[in-house]
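Me: I have a chain to go through with you. Can we start with the terms and then take the numbers?
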Amino acid sequence: MSRHANIDLVKAIASQAIVLHHMVLYMPMVPVLSESSPELIEWLDQHGRLAVQFFLVIAGYLAHHTLTAINHIKPMDLIAKRFVRLAVMLWIALLMVVLSSL
């Protein structure tokens, strides 16, 4: 399957906006940073979460593109393949969290 450079660019920008949004909400240095650039901090606080909408739209587009481009694969096989791919990463992340909390 071919990659979509524009979609990858939007996903990269949106992911960084979400990271910066979380940093603005949860980082202990926010009061210091808000003195130097209060407009940026305020904008990230208010509008950074909108980047999630980009992910939802892109995910819907890519799911539609995948399901219409591949007619010979059964839908349950595709769902099982994606589940395994995501579940492995979930279990690794959960294991890392549990081990780091010990």
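Reply: Contact here means heavy atoms within 4.5 Å. This is a predicted model: local features need pLDDT of at least 70, side-chain atom pairs count only at pLDDT 80 or more, and totals for chains, interfaces and linings use all residues. Residues are numbered from 1 along each chain as its sequence is written, and side-chain values use heavy atoms, with hydrogens and water left out.

Me: What share of the contacts with a separation of 6 or more comes from residues 24 or more positions apart?
Reply: In the protein chain that share is 67%.

Me: How many helices and strands?
Reply: The protein chain has five helices and zero strands; helices (H or I, at least four residues) and strands (E, at least two) are DSSP runs, numbered from the N terminus.

Me: How much of the chain is buried?
Reply: Buried residues are 15% of the 102. Buried means under 20% relative accessible area, exposed over 50%, partly exposed in between (1.4 Å probe, protein chains only).

Me: Switching to valine 98: which helix is it in?
Reply: Valine 98 belongs to helix H5, residues 75-100.

Me: Why is valine 98 classed as partly exposed?
Reply: Because its relative accessible area is 47%.

Me: How far is its C-alpha from that of alanine 80?
Reply: The two C-alpha atoms are separated by 26 Å, with valine 98 and alanine 80 lying 18 residues apart along the chain.
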